[in-house]
Amino acid sequence: MKPPMHPYAVAALAIVLPGMGQVANRQPMRGLVFLFFMLLLGAITAKTAAPGVSVIGRYAGGLFIYALSLFDAYRLARLRFETWRRV
């Protein structure tokens, strides 16, 4: 049985390329869904933000989904890695 990627490697991949942490965890559709909602909520908050809002505030919806996707990718990678290690 092939070992899963180390959770730290999955987290690093997810930081650099949004949605790729889920792909590394063998869940490509989940990665696409995270990427879609990241872009969608980023665009919505960019359109509805006031003119004087900072860049972080302007794309807060997309950044929130990005943070959720990082946590999700690491959590699932950690679970898969520990399960593989104990078997």
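Ile15, Val16, Leu17, Met20 and Val23 make a nonpolar surface patch of about 420 Å² (patch residues have over 30% relative accessible area and no salt bridge, with nonpolar side chains joined within 5 Å; areas come from the Shrake-Rupley method with a 1.4 Å probe). Helices α1 (7–16) and α2 (20–24) each give two or more residues to the patch; helices here are DSSP runs of H or I, at least four residues, numbered from the N terminus. Met20 sits in α2 and, at 32% relative accessibility, counts as partly exposed (buried is under 20%, exposed over 50%, partly exposed in between).

Keep in mind that this is a predicted model, where local features need pLDDT of at least 70, side-chain atom pairs count only at pLDDT 80 or more, and totals for chains, interfaces and linings use all residues. Numbering runs from 1 along each chain as its sequence is written, and side-chain values use heavy atoms, leaving out hydrogens and water.

Now for the charges. The whole structure has four salt bridges (a Lys or Arg side-chain nitrogen within 4 Å of an Asp or Glu carboxyl oxygen). One of them pairs Asp72 with Arg30, closest N and O atoms 2.9 Å apart. That pair links distant parts of the chain, 42 residues apart: Asp72 is in α5 (residues 60–86) and Arg30 in α3 (residues 28–48). Asp72 is buried at 6%, while Arg30 is partly exposed at 36%.

Asp72 also bridges to Arg75 at 3.1 Å, about one turn along α5, so Arg30, Asp72 and Arg75 are linked in a network. Elsewhere in α5, Glu82 meets Arg78 at 4.0 Å, N to O; Glu82 is buried at 17% and Arg78 partly exposed at 30%.

Methods: Patches are made of residues with over 30% relative accessible area and no salt bridge: like charges are joined within 9 Å, nonpolar side chains (Val, Leu, Ile, Met, Phe, Trp, Tyr) within 5 Å. Buried means under 20% relative accessible area, exposed over 50%, partly exposed in between (1.4 Å probe, protein chains only).
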